[in-house]
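Here is a briefing for a reader who is meeting this structure for the first time. Please look over the sequence and the structure before reading the notes, which are grouped by topic.

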Amino acid sequence: MFALIGIAIFLVYGFLVFYIGWSGWSWMKPVVSKRFKMLYIVLLVFLSTSFILGRLVGSFSVLSIIGNYWLAVFSLLLIMLPVVHVILWLTRLTRLPRHHTQKWAGWLTLTALIALIGYGSFNAYSPVVREYNVEINKSAEGMEELKIIMAADMHFGLLSGAAHARRMVEEINALQPDLVLYPGDIIDDDLEAYVNRGIPEIIGNIAAPYGVYASLGNHDKLDGPIEDLIDALERSNMQVLYDEVITVTDKLTLIGRKDRTERDRAELSALVSGVEMDKPVILIDHQPYELDEAQVHGVDLMVSGHTHRGQVAPAHLITRAMYENDWGHLQKGEFHSVVTSGYGFWGPPIRIGSRSEIVQINVRFTG
C-alpha cells in the first residue's frame, strides 16, 4: 500500500516538474540553440532531485541548499504558471503577436519569481515581535504579571544558522522576559548541524528569572537514544519537558508534552492528575491539536507552533482549515491558545503570507 502511494506521489511530482520544464523551454526555445536542450533537461533533473539527494547525503550542505531553494522555485511556479498560461490563451483572442506575448510573459514570470524569492527571504530572516495580552483568573502567589517570550520552529541547522540564532538571542534578551518557552522544532532533523554551527553556545546566552523551558517537536529527532538529544539541547540553557510536569517557584505549573507523532505520548489527563489546579497551568505542546481537551482539563494557557502559518501562501488556507487555531491568540472561556508562525522555516528560507516572529505574551493574574 505504502509503495503504491509512493509511486503515485513520484508520478505526480514528475508530471509537475515536466510541466514547469516544458513551460520554461517554450519561452527559451526561440532564443537558444537546440544543443542547449539536453543541458536544460539535465539541469532540470538535477534540480528536481536535489532536495531528496540533499537529505540522503546530509554532509553535502551545498546540495541541501540547492534543494531547499528548488522547493521555493517549484512551489511558486506551480502557482504562477497556470495564471500565465490562461493569460496567454486569452491573448490569442486578440491581434497581439503570439511570439511577442510569449516572450514578455516569460520575462515577467522570471522577474516576478526573483522578486517573490527576495521578498520571501526578507520575511524569513527579518523576524518581528507579536504581542498578545492574556488574563488568567487565578492567583500566582502574589505575582500579578508575567512576561512570557515564546519562540518555536527555529529549525536551527543549515540555513537557519548561527546568524539567525544570534538575532533571536538579541531580540529575546532585549524584551527582558520573565519566562521563555520553546514549543518544539528547535533543530531541523540534524543534531550534528545544530552542534557544529555553535548554536548551543549562542542560544545558551538567553536567560530569564523563571527559566527557559522547551518541548520537542516532530523535527527534533536523533538516530539514537532520545536522552542524547535532550542532553544536547539542555546544554543550551533550557530544560526540556518530555511528558513532564514542574512547578515554577511554587507560583505556576508548566506541562511539556511529547510530540503528537510519538506513540508513547502520555494522555493529558494523566499529566494533570495531581496538579494543583488553583494555580495557573501552562501547557507547552508543539502541535496545536485538542484544544477542547486542554480546556476541559483546566489548562489556562497552551502555547504551540508547528503550523508555520503555511509558510508560503496559499498554504495558510490549508493550515486555517486544519487547525482550530493555526496562528495567533484564541480564547475559549477561561482557556487561551497562542500559536506562533515560527522563528525559522522548514525547507526553503522563504516566507510569503507569513513572517518569522518572536511572541510576547503579557499575562495578568486576576484571581
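This is a predicted model: local features need pLDDT of at least 70, side-chain atom pairs count only at pLDDT 80 or more; totals for chains, interfaces and linings use all residues.

**Briefing on selected features**

R309 lies over the face of W327, at a distance of 3.9 Å from the ring centre.

**Aromatic rings and charges**

- Across the whole structure, a search for aromatic pairs finds eight of them.
- One of these pairs is formed by F51 and W346, which count as edge-to-face because their ring planes stand at 70 degrees, with the ring centres 5.7 Å apart.
- This pair joins distant parts of the chain, since F51 belongs to helix α2 (residues 36-56) while W346 sits in the loop between β11 (335-339) and β12 (357-365), 295 residues apart.
- F51 is buried, with a relative accessible area of 16%, whereas W346 is partly exposed, with a relative accessible area of 32%.
- Elsewhere, Y13, W70 and F74 come together as one aromatic cluster.

- Strand β7, which covers residues 252-256, is mostly covered, and five of its five residues are buried.
- The covering applies to both faces of β7, with L252, L254 and G256 buried on one side and T253 and I255 buried on the other.
- Strand β6 (residues 244-248) pairs with β7 in the antiparallel sense over five bridges, and within this pairing V245 has I255 of β7 as its bridge partner.
- The hairpin of β6 and β7 has three residues between the strands, and T249 in this hairpin takes a positive phi near 45 degrees.
- Strand β8 (residues 281-284) runs parallel to β7 and is joined to β7 by four bridges, with I284 of β8 as the bridge partner of G256.

**The loop residue D178**

- D178 is found in the loop that lies between α5 (162-174) and β3 (179-183), and this residue is partly exposed, with a relative accessible area of 23%.
- Once neighbours within four places in sequence are left aside, the residues in contact with D178 are E145, L146, K147, A208, P209, Y210 and G211.
- For K147, the side chain of D178 reaches the backbone nitrogen at 2.7 Å.
- For Y210, which is 32 residues from D178 along the chain, the C-alpha atoms of the two residues are separated by 5.7 Å.

Notes. Residues are numbered from 1 along each chain as its sequence is written. Side-chain values use heavy atoms; hydrogens and water are left out. Buried means under 20% relative accessible area, exposed over 50%, partly exposed in between (1.4 Å probe, protein chains only). Helices (H or I, at least four residues) and strands (E, at least two) are DSSP runs, numbered from the N terminus. Two strands pair if DSSP finds at least two bridges between them. Contact means heavy atoms within 4.5 Å. A polar contact is a pair of N or O atoms within 3.5 Å; within protein, one must be able to donate a hydrogen and the other to accept it, and residues adjacent in sequence count only if both atoms are side-chain atoms. Rings of Phe, Tyr and Trp (its six-membered ring) pair if their centres lie within 6.5 Å; planes under 30 degrees apart count as stacked, over 60 as edge-to-face and the rest as tilted. A charge sits over a ring if NZ of Lys or CZ of Arg is within 6 Å of the ring centre and within 35 degrees of the ring normal.
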